[in-house]
Amino acid sequence: MNRVVDAVYVMTVRSFADRIAHMKSELGRHGIDFEFMLEHDADQMAPEVVARTFASGSDISRGAQSLVLKTLDTWRLALARGHRRILILEDDALLDPDFNARFVQAMEAADKLEPGWLIFLGGHDTKVPDRFFLTQGPLVELPIATAEGYVCDAEALRRRLAWVDEHKIDLALDLFMRKLDPMLGTRQYWLTRPLVEQGSVVGLFDSALDGQRKKHSRSFNILRNRWNKFQRHKLRGFLVRLQARLGRMPK
């Protein structure tokens with residue numbers, strides 16, 4: 001695993017002891033070396049850095065601003081260290097039991113891509129187009145949905161940071177990358193079989209940032225996640241593949 005990426009970085013907050021312990025256990029279980037990114041916690045962000053980075057009047061929460069600043073620091077650090085590709089995880093990430101072997105396969109596919117790419121590792125419960133279920137894989141080109149786990153190459157990092165040097169940010173991290181990368185010619189991909197889930201989605205933690213999930217109980221969020229995974233992926237995938245076998249190709 002650590003042979004196919006130059007570094008693994010985990011976005012977290014100093015006071016999130018339960019999440020820090022979780023990631024030490026989760027990544028330790030897979031034998032993955034990593035580094036926590038601890039600067040720019042929401043209660044410690046320098047006002048001048050916030051003013052320099054974010055557009056005035058934007059409605060990004062302080063928690064979301066914190067994640068953006070931590071991520072920008074990570075991208076800069078990776079380039080300064082000469083990394084060619086990095087894996088970034090949020091601190092509630094749950095890895096697939098066969099994460100290492102399947103991640104290596106994904107990176108072998110990435111070796112064939114033109115420079116300037118992002119590979120999203122999540123998406124278990126996210127809506128996808130019908131063509132997703134007919135792709136042989138392991139990669140299918142789609143815009144990133146969330147930011148719990150993704151891999152970027154150095155060219156993608158350089159492009160984003162060059163843009164940030166000249167502009168201010170007015171969106172949360174996942175929406176920012178989803179909008180910016182196509183503008184910069186950076187292609188985004190999913191894995192046809194996701195490798196990462198959010199612990200705050202499956203009920204391991206309460207959500208720290210997602211306003212929609214924070215409105216509901218942990219039990220409700222667990223049930224919704226299970227239903228979405230079933231009807232958006234298992235059931236939908238079965239129906240799309242059945243239609244294809246019957247000669248009715250979906251869009």
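**Figure 1. Glycine 31 comes after helix α1.** The phi of glycine 31 is positive, near 70 degrees. This view, like those below, shows a predicted model. Helix α1 itself covers residues 17–29 and has 13 residues. From first C-alpha to last, α1 reaches 18 Å. That is close to the 18 Å expected at 1.5 Å a residue.

**Figure 2. Helix α1 has a buried face.** Which residues of α1 are buried? They are Arg19, Ile20, His22, Met23, Glu26 and Leu27. Seen down the axis of α1, these buried residues fall within an arc of 160 degrees, so they line one face of the helix. Ala17, Lys24 and Arg29 lie on the other side of α1 and are exposed. What do the buried residues of α1 pack against? Their partners are the strands β1, β2, β3 and β4 (93–95), together with α7 (199–202).

**Figure 3. Glutamate 26 sits in helix α1.** Its relative accessibility is 7%, and glutamate 26 counts as buried because the cut-off for buried is under 20%. Two contacts of its side chain are shown. Leaving aside residues up to four places away in sequence, glutamate 26 touches Ala93, Leu94 and Leu95.

**Figure 4. Seven strands make an open, mixed sheet.** The order of the 7 strands is β2-β1-β3-β7-β5-β8-β6. Which strands stand at the edges? They are β2 (35–37) and β6. Each has a single partner strand, so one side of each is left without a neighbour in the sheet. On average, neighbouring strands of this sheet are turned by 30 degrees against each other, direction ignored. Helix α3 packs on the sheet and touches β1 (7–11), β2, β3 and β7. The direction of α3 makes about 165 degrees with that of β1. Helix α4 (residues 99–110) also packs on the sheet. Its contacts are with β3, β5, β6, β7 and β8 (187–191). The direction of α4 makes about 155 degrees with that of β5.

**Figure 5. Strand β5 pairs with β7 and with β8.** Strands pair through backbone hydrogen bonds, either parallel or antiparallel. Strand β5 covers residues 117–120. With β7, strand β5 pairs in the antiparallel sense over 3 bridges. With β8, the pairing of β5 is parallel, over 4 bridges. Leucine 118 can be followed to both sides. It stands opposite cysteine 152 in β7. In β8, the bridge partner of leucine 118 is glutamine 188.

**Figure 6. Strand β8 is largely enclosed by the rest of the structure.** How many of the 5 residues of β8 are buried? The count is 4 of the 5, so β8 is largely enclosed. Strand β8 also meets β6, which runs antiparallel to it over 3 bridges. Here leucine 139 has leucine 191 as its bridge partner in β8.

**Figure 7. Leucine 142 lies in the loop between β6 and β7.** Strand β6 covers 139–141 and β7 covers 149–153. Is leucine 142 buried or exposed? Leucine 142 is buried, with a relative accessible area of 9%. Leucine 191 is 49 residues apart from leucine 142 in sequence. In space the two are 9.5 Å apart, C-alpha to C-alpha.

**Figure 8. Histidine 83 is in the loop between α3 and β3.** Helix α3 covers 62–80, and strand β3 covers 85–90. Histidine 83 is buried, with a relative accessible area of 14%. A polar contact of 3.2 Å joins its side chain to that of tyrosine 9. Not counting residues up to four places away in sequence, histidine 83 touches Asp6, Ala7, Tyr9, Ala78 and Ala154.

**Figure 9. Aspartate 125 lies in the loop between β5 and β6.** Aspartate 125 has 18% relative accessibility and counts as buried. How do aspartate 125 and glutamate 197 sit, in sequence and in space? They are 72 residues apart in sequence. Their C-alpha atoms are 9.0 Å apart in space.

Technical notes: Residues are numbered from 1 along each chain as its sequence is written. This is a predicted model: local features need pLDDT of at least 70, side-chain atom pairs count only at pLDDT 80 or more; totals for chains, interfaces and linings use all residues. Side-chain values use heavy atoms; hydrogens and water are left out. Helices (H or I, at least four residues) and strands (E, at least two) are DSSP runs, numbered from the N terminus. Buried means under 20% relative accessible area, exposed over 50%, partly exposed in between (1.4 Å probe, protein chains only). A polar contact is a pair of N or O atoms within 3.5 Å; within protein, one must be able to donate a hydrogen and the other to accept it, and residues adjacent in sequence count only if both atoms are side-chain atoms. Contact means heavy atoms within 4.5 Å. Two strands pair if DSSP finds at least two bridges between them. Axes are lines fitted to C-alpha atoms, for helices over the stretch in contact, and angles run from 0 to 180 degrees between N-to-C directions. The expected span of a helix is 1.5 Å times one less than its number of residues. The arc is that of the directions from the helix axis to the C-beta atoms.
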